[in-house]
Amino acid sequence: MAINIDAKFKNTETVIIGTKNYDVVFNDKLRKDVYKAMLRAGDMKKQADKISDEEAEKMSLDEQEKYVSDKLADATKIMTDFFDSNFGKGEGKRIYDYYHQDTKMLTLIMGELYKEADKETRQNFKSKKNKYTSNKR
């Protein structure tokens, strides 16, 4: 009798984003890419939010608006590049447009992807741990 390991452990799922189905592999690359993009985009947002009063006073209103706008555009590019890299060329813009050009929505989607990837890892670890623990008894 063959033991079907493939049936026990699965790291692929169909994910629906913006009404489109994607076959996603929740592997190390996806987790790393999500985490890296979220960190980089978060840093851009922090930079936009943390312009000091002293720095702001040195800038005209137009310069302040451009600074914040540029940082938000950088964060959006990081997110859309993530989707292009992991879901196919042009998918970042498609998803961004589907969600009414809202970078926060891209961040939330990426957070869900990371949570699902981490959940798979935790479930697989629990299954393995339970199997080995039950064998010791």
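Phenylalanine 82 is buried, at a relative accessible area of 4% (buried means under 20% relative accessible area, exposed over 50%, partly exposed in between; 1.4 Å probe, protein chains only). The model is predicted: local features need pLDDT of at least 70, side-chain atom pairs count only at pLDDT 80 or more, and totals for chains, interfaces and linings use all residues. Residues are numbered from 1 along each chain as its sequence is written, and side-chain values use heavy atoms, leaving out hydrogens and water.

| Residue | Relative accessible area | Class |
|---|---|---|
| Phenylalanine 83 | 0% | buried |
| Phenylalanine 87 | 13% | buried |

Now the ring geometry. Rings of Phe, Tyr and Trp (its six-membered ring) pair if their centres lie within 6.5 Å; planes under 30 degrees apart are stacked, over 60 edge-to-face, the rest tilted. Phenylalanine 82 and phenylalanine 83 are edge-to-face, with 5.1 Å centre to centre and 80° between the planes. Phenylalanine 83 also pairs with phenylalanine 87: the centres are 5.5 Å apart and the planes at 40°, so this pair is tilted. Both residues sit in helix H4 (residues 61-87), four residues apart, about one turn of the helix. Helices are DSSP runs (H or I, at least four residues), numbered from the N terminus. One aromatic cluster takes in Tyr22, Phe82, Phe83 and Phe87.

What does glutamate 91 contact, leaving aside its neighbours within four places in sequence? Its partners are Lys20, Tyr22, Phe83 and Asp84, where contact means heavy atoms within 4.5 Å. Glutamate 91 belongs to helix H5 (residues 91-98). Glutamate 91 is buried at 9% relative accessibility.

How values were computed: Helix = DSSP H or I, 4+ residues; strand = E, 2+ residues; numbered from the N terminus.
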